[in-house]
Amino acid sequence: MYYTYVLYSNNFDKIYIGYSSDVDKRLAAHNDERNTGWTKKYQPWEVMYMEEFASKQEAMKREKQLKTAKGRKFIWEKRQGH
């Protein structure tokens with residue numbers, strides 16, 4: 001299984017969209033103090049939304065969709081409970 005996930009940084013009101021076959025492991029990597037990527041400065045992260053897919057290609061496709069303006073609007077509406 002593969003997952004498209006959205007992480008949320010409560011401290012900075014930021015989201016991060018990605019895909020993985022192991023969301024728990026990816027979350028730990030994003031929150032690791034040794035992380036040197038974009039997500040480092042917005043730690044800590046929590047999973048706020050996730051979708052499951054049978055293939056990596058499907059998860060990647062959904063990730064791209066969620067990274068569009070329409071997709072980000074969908075995510076923020078989910079965050080606000082709409």
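The questions below move from the sheet to its helices, and then to single residues.

Tutor: Please keep in mind that this is a predicted model, in which local features need pLDDT of at least 70 and side-chain atom pairs count only at pLDDT 80 or more, while totals for chains, interfaces and linings use all residues. Residues are numbered from 1 along each chain as its sequence is written, and side-chain values use heavy atoms, with hydrogens and water left out.

Student: In what order do the three strands of the open sheet lie?

Tutor: Strands (E, at least two residues) and helices (H or I, at least four) are DSSP runs numbered from the N terminus, and two strands pair if DSSP finds at least two bridges between them. Strand S2 (14–20) and strand S3 (46–53) are the edge strands, each of them pairing on one side only. The pairing in the sheet is antiparallel, and the order is S2-S1-S3.

Student: How many bridges join S1 to S2?

Tutor: Strand S1, which covers residues 2–9, runs antiparallel to S2, and the two form a hairpin with four residues between them. Across this pair, Val-6 stands opposite Ile-17 in S2. The number of bridges joining S1 to S2 is seven.

Student: What angle does the direction of helix H2 make with that of S1?

Tutor: Axes are lines fitted to C-alpha atoms, for helices over the stretch in contact, and angles run from 0 to 180 degrees between N-to-C directions. Helix H2 (residues 56–66) packs on the sheet and touches S1, S2 and S3, where contact means heavy atoms within 4.5 Å. The angle between the direction of H2 and that of S1 is about 35 degrees.

Student: Why do the buried residues of H2 line one face of the helix?

Tutor: Buried means under 20% relative accessible area, exposed means over 50%, and partly exposed lies in between (1.4 Å probe, protein chains only). The buried residues of H2 are Ala-59, Arg-62, Glu-63 and Leu-66, and the face turned away from its buried side carries the exposed residues Gln-57, Lys-61 and Lys-64. The arc is that of the directions from the helix axis to the C-beta atoms. Seen down the axis of H2, the buried residues line one face because they fall within an arc of 105 degrees.

Student: How many residues does the largest nonpolar core have?

Tutor: A nonpolar core is a set of buried Ala, Val, Leu, Ile, Met, Phe, Trp, Tyr and Cys residues joined through side-chain atoms within 4.5 Å. The largest one includes Val-6, Tyr-8, Ile-17 and Leu-66, and S1, S2 and S3 each supply at least two residues of this core. A second, separate core includes Tyr-3, Tyr-5, Leu-7 and Tyr-42. The number of residues in the largest core is eight.

Student: Which residue is joined to Tyr-8 by a polar contact of 2.5 Å between side chains?

Tutor: Tyr-8 is in strand S1, and it counts as buried because its relative accessibility is 4%. Among the residues that Tyr-8 touches, not counting those up to four places away in sequence, are Lys-14, Pro-44, Met-48 and Trp-76. A polar contact is a pair of N or O atoms within 3.5 Å; within protein, one must be able to donate a hydrogen and the other to accept it, and residues adjacent in sequence count only if both atoms are side-chain atoms. The partner of Tyr-8 in this contact is Asp-13.

Student: Is Val-47 buried or partly exposed?

Tutor: Val-47 lies in strand S3, where it touches Val-6, Leu-7, Val-23 and Leu-27, not counting residues up to four places away in sequence. With a relative accessible area of 32%, Val-47 is partly exposed.
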